[in-house]
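The sequence and structure come next.

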Amino acid sequence: MVPRGIRLNNPLNIKKTLILWQGEVTSTDPIFEEFSSPREGIRAGCKILLTYHNKHHLRNLNSIINRWAPPGENPTSNYVKFVSGKVGVAADQLIDLTQPKLLATLVQGMIEFENGSCPYDFNLILDVATSLTA
């Protein structure tokens with residue numbers, strides 16, 4: 001069975017909010033947003049992560065993922081450990097998400113954790129990250 005995040009073109013499993021995302025379509029899912037394409041879902045996820053970095057000053061994987069996937073709802077410590085291994089940085093190491101390759105690597109790892117795999121080419125994710133950090 002195809003994971004919900006992949007089916008909804010929302011590979012980071014962004015919950016529904018009042019935000020009107022670029023590429024958002026009416027979702028049949030009661031909890032999660034749906035996008036017109038994987039690119040739009042990845043773009044929304046990157047925008048949220050850049051907001052964490054720029055507005056909330058979250059500068060390490062531990063703080064970013066604890067906000068993204070709070071412990072009361074998720075296996076957050078496993079999530080941090082998994083993504084830390086994928087990105088190749090310690091959970092508390094300072095990172096700069098305005099670096100497109102780092103943002104893309106983080107998003108790729110998060111997609112893999114959220115869905116069990118990342119079916120998208122890294123260059124697609126990097127292109128989205130680059131367009132938002134340029």
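## Ser84

Does Ser84 count as buried or exposed? Ser84 counts as buried because its relative accessibility is 14%; buried means under 20% relative accessible area, exposed over 50%, and partly exposed in between, with a 1.4 Å probe and protein chains only.

Ser84 lies in helix α4, residues 76-87. Helices are DSSP runs of H or I with at least four residues, and strands are runs of E with at least two, numbered from the N terminus. Leaving aside residues up to four places away in sequence, Ser84 touches Leu61, Val89, Ala90 and Ala91, where contact means heavy atoms within 4.5 Å.

## Basis of the values

The model is predicted: local features need pLDDT of at least 70, side-chain atom pairs count only at pLDDT 80 or more, and totals for chains, interfaces and linings use all residues. Residues are numbered from 1 along each chain as its sequence is written, and side-chain values use heavy atoms, without hydrogens and water.

## Helix α2

Of the 17 residues in α2, 12 are buried, including Arg43, Cys46 and Tyr52. Among the elements covering the buried residues are β2 (34-35), α3 (61-68), α5 (100-115) and α6 (122-133).

## Cysteines

Cys46 has a relative accessible area of 0%. The structure contains 0 disulfides, a disulfide being a pair of cysteine sulfur atoms within 2.5 Å. The closest cysteine sulfur to that of Cys46 is in Cys118, 11 Å away, so the two are too far apart for a bond.
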